[in-house]
Amino acid sequence: MRSVLKLEVEEAKVMIAAGIQAAEEAQAAETICIVDDGGYLIALERMNGARNTSPEMAMAKAFTASGHRRSTHLFNQPGGPATIHGEAFGIHAMMPGKFAIFVGGFPIVVNGQVIGGVGVSGGAGEEDIAVGVATLKALQKHLGPAFEVLTEADIKK
């Protein structure tokens, strides 16, 4: 038996606020989604001017990152699991509309446990990454030194 950490709406709001600030600084209209460890929605915010397709894409990115415990852009890097010779080639076809294998999804890892995911959609890839990392750094700041949050872009747990 083990104890588990649970992401709650208070933390999700902190993360979204930081993501919006980072998006505004980058002049990108983003949608930011936070899900729990099962990939279910906790909070989502679509900034004014964000594409109408970005909420669904942000949810898919967050779902994928949480469930597969890795940043979504790692799926398609050279030699990545979703590339043509990778062990997970075609994985996105197994869950149409829910599984994203492109930039903008990050697992939320606290004290070594994947407790959720963040999905960012609407900007260029670099902007989505910067906004996602900003959300993770905000969670670390909010939780304080008693918790260790992975805050880099390339997360594989």
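The model described here is predicted. Strand S3 covers residues 105–110, and because 6 of its 6 residues are buried, the strand is largely enclosed by the rest of the structure.

Strand S3 is joined by 6 bridges to strand S4 (residues 113–121), and the two strands run antiparallel. Within this pairing, valine 110 stands opposite glutamine 113 of S4. The hairpin of S3 and S4 has 2 residues between the strands, and asparagine 111 takes a positive phi near 50° there.

Two residues of this region, Val110 and Asn111, are touched by phenylalanine 147, which also touches Leu5 and Gln140 when residues up to four places away in sequence are not counted. Phenylalanine 147 is placed in the segment after H4. The C-alpha atom of phenylalanine 147 is separated by 28 Å from that of phenylalanine 75, a residue 72 positions away along the chain.

A search of the whole structure for salt bridges finds 2. One of them is formed by lysine 6 and aspartate 37, with the closest N and O atoms 3.5 Å apart. This pair links distant parts of the chain, 31 residues apart: lysine 6 belongs to the segment before helix H1 (9–25), and aspartate 37 to the loop between strand S1 (31–36) and strand S2 (41–46). Lysine 6 counts as exposed because its relative accessibility is 55%, over the 50% cut-off. Aspartate 37, at a relative accessible area of 38%, is partly exposed.

Lysine 61 and aspartate 128 also form a salt bridge, in which the closest N and O atoms are 3.4 Å apart. Lysine 61 lies in helix H2 (residues 54–68) and aspartate 128 in helix H4 (residues 125–143), so this pair ties together parts that are 67 residues apart in sequence. Lysine 61 is buried, with a relative accessible area of 2%. Aspartate 128 is likewise buried, its relative accessible area being 4%. Both partners of this pair therefore fall under the 20% cut-off for buried residues, whereas lysine 6 is exposed and aspartate 37 partly exposed.

Notes. Residues numbered from 1 in each chain as written. Predicted model: local features only at pLDDT ≥ 70, side-chain atom pairs only at ≥ 80, totals over all residues. Heavy atoms only, no water. Salt bridge = Lys/Arg side-chain N within 4 Å of Asp/Glu carboxyl O. Helix = DSSP H or I, 4+ residues; strand = E, 2+ residues; numbered from the N terminus. Buried < 20%, exposed > 50% of the residue type's maximum accessible area, 1.4 Å probe, protein only. Contact = heavy atoms within 4.5 Å. Pairing = 2+ DSSP bridges.
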